[in-house]
Amino acid sequence: MAEHYKKSEITLKGIGVSPGIAVEQVQLLSLQTQPIVQRDITPEEIPLEIARFEMALMATHDQLKLIQKQVADVLGDEHASIFEAHMLVVDDRTFIEDVIRGLEKDLINIEPILQTVANRYADMLAKMEDSYLSERATDIRDVTKRIMANLVGKTLDQMAQINDPCIVVAHDLAPSDTASIDRKLVQGFVTDLGSVTSHTSIMAKALEVPAVVGLHNITAVVSAGDFILIDGSRGRVYVHPTDARLAEYKKRAEDQEQILSKLDTLRDKPPETQDGYLVPISANIELLEELDVIEARGAKGIGLFRTEFLFLTGDSLPDEEEQATAYEQAARSQYPSNVVIRTLDFGADKLPSNFQMPDEMNPFLGDRAIRLCLSRPKLFKTQLRAILRASVNENVRIMYPMVSCVQEVLDANAILHECMDELRTKNIPFNENILIGTMIEVPSAALVADLIAPHVSFFSLGTNDLIQYTMAVDRGNENVAHLYQPTHIAILRLIDNVVKVSRKHNLWTCVCGQMAASPILVPLLIGLGVDELSVSPSQAPLIKGVIRKLHYSDAVDLARKALTSSSAEHVEKLCHEMIERVAPEVLELSE
Ligand code: PEP
Ligand code: MG
């Protein structure tokens with residue numbers, strides 16, 4: 001028996017967010033925003049610490065220069081000027097020498113000294129009467145964060161350094177980290193933070209990598225090189241798995257394989273209930289690499305193209321030409337099925353590392369998605385023109401994210417019409433009748449769906465955010481995950497309202513949030529009357545399997561009972577009972 005299996009097994013329970021079983025060695029990634037650790041140093045180590053500091057300053061300077069140029073290109077010079085101020089901080093010899101003096105005096109590592117000196121400068125400036133000087137306090141704080149990240153080393157860089165097969169264990173992963181992994185080497189993700197709908201989970205599904213999140217302290221439990229087994233369906237992690245455990249999971253993996261290969265045979269069959277009711281299944285995609293698997297997994301077309309993921313990797317924001325090429329590739333690959341291209345849902349946790357945003361108290365309630373695009377018309381118009389150019393294929397549709405009121409739709413449509421005029425002037429062809437839709441993922445939008453309806457052709461229910469904003473529960477916070485209830489009566493009522501409005505106005509309603517990919521909840525959604533389900537390609541076989549075993553009349557009955565029920569728990573029980581009756585085998589593949 002190998003040495004590593006002799007250690008006692010530790011079982012941990014988290015949230016299974018991407019199915020599959022993997023056994024590999026741990027690759028432990030350091031935290032992105034690590035707490036600052038203080039350690040004593042010897043006088044001999046001083047030059048080493050100064051060298052680390054100087055290197056972090058140089059790296060910060062180079063990054064700021066690059067970002068300044070990119071922001072100037074996209075948003076104009078006035079937005080880029082903030083980086084000039086940041087570079088002044090990095091180059092300020094008085095500030096640098098103060099830090100070095102502190103290091104020599106206190107004989108501790110550079111990070112806590114830098115933080116103390118930066119805080120002293122920032123506090124002093126913040127108290128100044130002169131508003132120019134007091135605003136420099138924010139510059140000092142922002143730039144210190146960047147220097148600190150360069151001192152600590154970012155997760156992104158560590159991802160690039162993976163050379164052996166492994167399971168990545170991290171406190172948290174940013175979407176840009178997961179987008180840059182080598183799929184041949186990374187066999188799974190495990191994180192302290194996260195939930196079913198956090199963006200790490202979405203990426204894990206897109207990459208078809210098993211993942212368990214929300215484990216609280218796995219980074220403290222495992223060490224680099226430990227062997228772990230992860231079960232992405234049940235949310236289990238076994239550290240130092242025993243031989244018996246490995247044997248149990250070998251059998252389980254074989255059983256899952258069998259169920260999946262049966263589901264594979266449905267690939268070319270329609271997603272139709274036993275009594276002939278058709279529920280189209282389209283795909284949620286984040287990466288162009290996924291285009292090839294959509295049809296292979298039995299889905300048709302794209303119900304949600306999360307375009308912001310095209311922007312999360314790489315050193316610069318893609319220009320109009322590059323974007324048009326990507327959208328055309330997606331449109332052509334799915335023709336004649338529809339391709340719904342969602343405009344940038346930037347903001348909060350989805351920001352490219354080189355996109356500078358002022359700090360916000362509540363970024364998830366802040367300047368993001370359609371709000372961010374409306375206030376940065378240059379960025380928005382570049383994307384809209386690129387989508388319009390791809391629309392010559394006539395299967396392309398546009399969708400706005402995070403709409404919270406009618407005016408945003410009107411404003412976005414006005415900008416879209418400006419883009420159309422610009423293309424006409426240049427004789428660039430596009431589909432004049434392109435269909436426009438909105439995400440319904442903010443409760444206010446669900447409640448005024450009747451007012452939005454005249455200005456759009458379709459709705460797409462983004463249940464991940466709709467639940468988050470209705471229940472006031474951070475969708476990525478495992479501490480409040482028990483309050484994140486898709487079957488809460490408030491959610492069902494909002495969906496019911498949107499579907500009724502949609503039918504009255506002859507619109508089409510898709511569900512593209514995670515609810516659509518949950519086999520247990522699919523009968524309920526169908527019964528509530530949604531027209532289409534958009535799921536990550538890896539989930540499509542499972543969802544088709546459920547639909548084809550279901551009777552539409554039973555689904556309608558279930559939804560009727562759910563709407564008159566008084567608790568989320570009761571609705572969940574009804575849903576469970578139905579799936580156990582109709583398609584119990586799919587429970588083996590989902591939590
Ligand atoms: C949603 O909110 O349900 C959704 C599909 O959008 P995202 O997960 O990208 O926020
Ligand atoms: Mg959303």
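**Reading the contacts**

Modeller: Arg120 forms a salt bridge with Asp98, with the closest N and O atoms 3.2 Å apart. A salt bridge here is a side-chain nitrogen of Lys or Arg within 4 Å of a carboxyl oxygen of Asp or Glu. The model is predicted: local features need pLDDT of at least 70, side-chain atom pairs count only at pLDDT 80 or more, and totals for chains, interfaces and linings use all residues. Residues are numbered from 1 along each chain as its sequence is written, chains are lettered from A and ligands numbered from 1 in the order in which they are written, and side-chain values use heavy atoms, with hydrogens and water left out.

Colleague: Which helices hold Arg120 and Asp98?

Modeller: Helices are DSSP runs (H or I, at least four residues), as strands are (E, at least two), numbered from the N terminus. Arg120 lies in helix H4 (residues 110-126) and Asp98 in helix H3 (residues 93-106), so the pair ties together parts 22 residues apart in sequence.

Colleague: Is Asp98 buried or exposed?

Modeller: Buried means under 20% relative accessible area, exposed over 50%, and partly exposed in between (1.4 Å probe, protein chains only). Asp98 is buried, at 17%, and Arg120 is partly exposed, at 45%.

Colleague: Which residues coordinate the magnesium ion?

Modeller: Donors are N, O and S atoms within 2.8 Å of the metal (3.2 Å for Na, K and Ca); water is not among the atoms, so sites may look incomplete. Here Glu441 (OE) and Asp465 (OD) coordinate the magnesium ion (ligand 2) at 2.0 to 2.1 Å. Glu441 sits in the loop between strand E13 (435-440) and helix H17 (443-447), and Asp465 in helix H19 (residues 463-471), 24 residues apart. Asp465 also meets Arg475 in a salt bridge (2.8 Å, N to O). Asp465 is buried at 3% relative accessibility, and Arg475 is buried at 7%.

Colleague: How many residues of domain 1 are in contact with domain 3?

Modeller: Domain bounds come from an automatic or database domain assignment, which gives domain 1 as 2-25 + 159-258 and domain 3 as 259-590. Contact means heavy atoms within 4.5 Å, and 30 residues of domain 1 contact 29 residues of domain 3.

Colleague: What area do domain 1 and domain 3 bury between them?

Modeller: Buried area is the accessible area (1.4 Å probe) that two parts lose on being put together, summed over both. Domain 1 and domain 3 bury about 2,500 Å², 55% of it on carbon and sulfur atoms. In domain 1, Thr197, His199 and Lys205 lose the most area to domain 3, together 22% of what that side buries.
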